[in-house]
Amino acid sequence: AQDKKKALEETKAYTTQSLASVAYQINALANNVLQLLDIQASQLRRMESSINHISQVQTTAAGLVSGQLDTCRYFLCFFSCT
């Protein structure tokens, strides 16, 4: 009976140690996943900023081209109509 009780206590101790180890590994994994998500969020913010900049440049360039075309049309009409 004493041997069975001792074996049960050892089993409980090993089980507790194993569960603690699993909990530690899950915590470490969760921290790594959070760190990865933080890095990806930072990369997405940089990409968003770059896309916004490109969009602004494109809008400005399109406006300049449109303005230049309007000017050319004006002069072509002015000189061909006179």
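Accessible areas here come from the Shrake-Rupley method with a 1.4 Å probe, and for residues only the protein chains shown count as cover. By that method, the accessible surface of the chain comes to about 7,600 Å², of which 64% belongs to carbon and sulfur atoms.

The structure is a predicted model, in which local features need pLDDT of at least 70 and side-chain atom pairs count only at pLDDT 80 or more, while totals for chains, interfaces and linings use all residues. Residues are numbered from 1 along each chain as its sequence is written, and side-chain values use heavy atoms, with hydrogens and water left out.

Of its 82 residues, 0% count as buried; buried means under 20% relative accessible area, exposed over 50%, and partly exposed in between (1.4 Å probe, protein chains only).

A search of the whole structure finds one salt bridge, defined as a side-chain nitrogen of Lys or Arg within 4 Å of a carboxyl oxygen of Asp or Glu. E9 and K12 form this contact through their side chains, at 3.9 Å from N to O, and the two residues, three apart in helix α1, are separated by about one helical turn.

L37 lies in helix α1, which covers residues 2-81, and together with L29, V33 and L34 it makes a nonpolar surface patch of about 370 Å². Such patches are made of residues with over 30% relative accessible area and no salt bridge, with like charges joined within 9 Å and nonpolar side chains (Val, Leu, Ile, Met, Phe, Trp, Tyr) within 5 Å.

| Residue | Relative accessible area | Class |
|---|---|---|
| E9 | 43% | partly exposed |
| K12 | 45% | partly exposed |
| L37 | 45% | partly exposed |

Technical notes: Helix = DSSP H or I, 4+ residues; strand = E, 2+ residues; numbered from the N terminus.
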